[in-house]
Amino acid sequence: MLDVAFSKLAAPKTGAVVLLLAEDEQLSGLAAGLNEASGGAVARALEVAGFKGQKGKTALLLAPVAGLTRVLAYGLGKRMELTTSVLEEAGGCIAATLAAETQATIIAEGIGGAEAAHIAYGAVLRSYRFDLYRTKEKLEDKPKLAGIAVLLADATKARAAFVPLKAVAEGIFLTRDLVTEPANILTPAVMAERCKELTKLGVKVEILGPKEMTKLGFGALMGVAQGSVQEPRMVVMQWNGAGTRRARKPLVFVGKGVTFDSGGISIKPAAGMEDMKWDMAGAGAVIGLMAALAGRKAKADVVGIVGLVENMISGNAQRPGDVVTSYSGQTIEVLNTDAEGRLVLADVLWYAQEKFDPAFMVNLATLTGAIIVALGQEHGGLFSNDDELSQKLLAAGTETGEKLWRMPLGDAYDRAIKSDIADMKNIGGRYGSAIIAAQFIQRFVNGKPWAHLDIAGMAWSGKDTAITPKGATAYGVRLLDQLVRAHYES
Amino acid sequence: MLPPQPALSLIGSAELAPQTTLVIPVIGGAIPADVAAAAAAGGFTGAKGDTLRLHAPSPDHAGRSVLLLGLGKGGEAKAEAAGAAAAAALGSLRHIAIDGRALPRGLSVPLALGAALRAWRMPQYRQGEMPDDICRIDRIDLVVEDPERLGRRFEEAQITVEAVCFAKTLTAEPSNILTPAAFIKRLSKLEKVGIAVEVIEGKALAREGLNLLAAVGRGSANPPALVILRWPGTLDAPPVTFVGKGITFDTGGISIKSADHMWDMRGDMGGAAVCAGAMLALARRKTPAPVSAVLALAENMVSGEAYRPGDVVQSHSGLTVEIIDTDAEGRLVLADALSYALAHLKPRAIVDVATLTYAVGAALGQEMAGVYANDTVLAANLAAAGEKVSERLWRLPMTDRDRDALASDIADIKQCLAGKLVPDASLAAAFLSRFVGDTPWAHIDIGGTDAREEADERYPAGPTAFGLRLLDQLIALRYEDPDHP
């Protein structure tokens, strides 16, 4: 992870320097000093570049002052409209633009300590890179930025504010690592082992294997798993941060973790099937969330549960038409083996509500293609039986930029999964299939307050965005961390 | 030959013929004493949706059949559904009566309305016997104590039936019968009730700059047209304008559709039919609100004249459009219609209705239509109107990112994106939003709700005219108050 330091304001003498400039403001303080040292070259260059501090605009000056390699001017827009997300985007842009430098000094004069921490946060999040399997890349092709220093008046406050942000960033990186790992490396067993690392943070981790789950009666989850030689796992992670002040119902987060999804006998088309290594992104986000909450010592009791399976084709694979008995006792006719995520969630959610009597359950899953057709790649789909929980989630999404859009539920959709032979079937017709999937899951929450986040469009990004390099986004970690922070830690 | 819809009339007890089959609604389990024993034997409790048919069950009903109809605890929306259930159960009869004498007014009229709407049937072109599952009902009488008292309310229900059935029949007509020109001829029904009908066609389309509409219609031997319907109303306010997609048949054009289900595309003018039907309803009930509609009529065919993917066309608004997929033609004709409406009708609000995308059905299924809007108040009013008539809407996102995604290398805007896993309904809305300026505008995508393959509780098989009652209700809720026109 990028090394971050916060220091008192002092004119930088070497390396790359970043000036954060608000719109239509004169150079002042250290920036003015730098301009003076350059003999007015900085101001002239900014004028020629048409740079006036417009939001997101940059101007890069090469060696304008002796000793400095680069000066990057970054526009913050109107000072009155400055938000933490603008500062995070600034940090992200700085990390991307100065990747060839080894060290960057960011002058954050006039920005408060709590806010300035978000500059570093953005830079850290954007500088993530998964390098494990690049063995021949030349050194000069690799990004070199190893550290940033943020200069500001209240460095102490910034340092303190950055501590919890760094913990969340660690969680996000863990999620991105897990989601990026290929499926031959990250099997259910390996993924469960990775969860054990959370014990270092004080998380209680319990792992259930096929024997335990069969004994419990997880017929839906085990049916999905049976086609693979990789054994399934369920991991229960508990963080008890609320202390003993008073007993409260825990918050429960549940993740779909299909480490590879071939579709099973209802096999997927070959094109794009490689993407199915990230069909465990819901579980990945829950694991990263638990790391984030424990890392920043969140004052809440939280349980994360992930169901980990591989959906493969073999002589022992589950068939379309099979009927399985879920842990809840309800029977399911499996008409499409590629609608497997809901089968995994069915057993895990029923287990979660039975075992923990949760305040609420939120599950994350890369569940349907239909949600991508409905909402594209800008909003995750939110389905819920609880308006208050929904409002909190929608607000947390807006605050973190991990946006949600609420989708409907209703009896008419529920009727679509009526089966002629079992209590329900696992798919409906061609219409509204993301909603129908949510209706299916709702049958396994036993009336508890619950939200289902369909993140199939959000878990992976084909291109870089401000604070997320292309690839695994870890969508959900910041969103749910914010949900907990805003409502459940007082 | 049977007309496609039943006649709906209001009668007093004296006019009820002794042999007419009578529907007896049962609220809260209160079964009439003279049939109670038979009801108990048949397991009828009066629960919502329960029906039981009895033949000559008592001296009062010595010459007729009776259908007991359970309303549960009752409620207006439920009453429509119950009426539909009654019509479905008695579809083999020509003439039925509904006993409204023991019902509050708020229930008896919706009950009759629900029955009449459910009794609509596809236009029948067959020569021989009608199959059993086609509803035969051609007369429904609502029996009440005092027919005078229900007058206006009942008349509005009659108007709703007339307008909805008009739109459904238009939508169901095969495309060799209902060409753009034939569609226009059918609008004479609207002229008779005081709606002015203006038609722009032939060379005038190019003269007006309606090039997108012309391009879509160019491949067909049945030429396109833009139709403007105007109802002046009495209030001093700019009109609310409806815009409808009227593709009388959609082959997809050069980007041709697959053969399975292509027959369904005769209904791709459903949006225009809904708008025309709403105008009919509003004029028949003499709304004081000025209302207009613009219908973009064309047939999207494949021929040597057809427009091509890759073509660039200048729209009525002036924006140039790069064609990516000739099967995304609806948004093209709507773009010109919206822009024309803005320029010539200067509406206070504009609502378009279209069978626009498959994506909206994938997103929301067949229960709710998607609504996109640049105006929160208009969207909320539409949603409220929809709740009232059980044509429910769900708002879907339309973002700057969707707009940005339509950047073209060669023109001002691209019509759509290629590929399957794209939010095509949102992209279509984002495309349309470029043609409405700042006028409050909403777009209702009925791509999933426009028809039923099989009859269900509420709808017979075929078109639903989803959106028609909603538009009528929108005007009633928001635009008829003389103090706040």
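Predicted model: local features only at pLDDT ≥ 70, side-chain atom pairs only at ≥ 80, totals over all residues.
Residues are numbered from 1 along each chain as its sequence is written, with chains lettered from A and ligands numbered from 1 in the order in which they are written.

**Helix pair in chain B**

- Helices α4 (residues 151-172) and α9 (residues 270-284) of chain B pack at about 155°, and their axes lie 8 Å apart.
- Helices here are DSSP runs of H or I with at least four residues, strands are E runs of at least two, and both are numbered from the N terminus.
- Axes are lines fitted to C-alpha atoms, for helices over the stretch in contact, and angles run from 0 to 180 degrees between N-to-C directions.
- α4(B) is therefore roughly antiparallel to α9(B) (over 145 degrees; under 35 is roughly parallel, 65 to 115 roughly perpendicular, the rest oblique).
- Residues of α4(B) in the contact include Ile159(B), Phe166(B) and Leu170(B); those of α9(B) include Gly270(B), Leu280(B) and Arg284(B).
- Contact means C-beta atoms, placed from the backbone, within 7 Å.

**Helix pair in chain A**

- Helix α4 (residues 113-126) of chain A packs with α5(A) at about 30°, with axes 8 Å apart.
- The two helices, α4(A) and α5(A), are therefore roughly parallel.
- Their crossing, α4(A) with α5(A), is right-handed.
- Among the residues that meet are Ala117(A) and Tyr121(A) in α4(A), and Phe162(A) and Leu165(A) in α5(A).

**Nonpolar core**

- The largest nonpolar core has 328 residues, and Met290(A) and Met279(B) have the most contacts inside it.
- α5 (residues 155-180) of chain A gives the most to this core, 12 residues.
- Such a core joins buried Ala, Val, Leu, Ile, Met, Phe, Trp, Tyr and Cys through C-beta atoms within 7 Å.
- Buried means 20 or more other C-beta atoms within 10 Å of the residue's own; exposed means 12 or fewer, partly exposed in between, with C-beta atoms placed from the backbone.
- Leaving out residues up to four places away in sequence, Met290(A) touches Leu198(A), Val203(A), Met237(A), Trp239(A), Val302(A) and Gly304(A).

**Strand pairing**

- β1(A) pairs with β6 (residues 147-151) of chain A in the parallel sense over five bridges (pairing needs at least two DSSP bridges).
- Val4(A) stands opposite Ile148(A) in β6(A).

**Chain contact**

- Chain B brings 21 residues to the contact and chain A 18 residues.
- α11(B) makes the largest share of chain B's side that touches chain A, five residues.

How values were computed:
Contact = placed C-beta atoms within 7 Å. Left-handed = near helix turned anticlockwise from the far one by under 90°.
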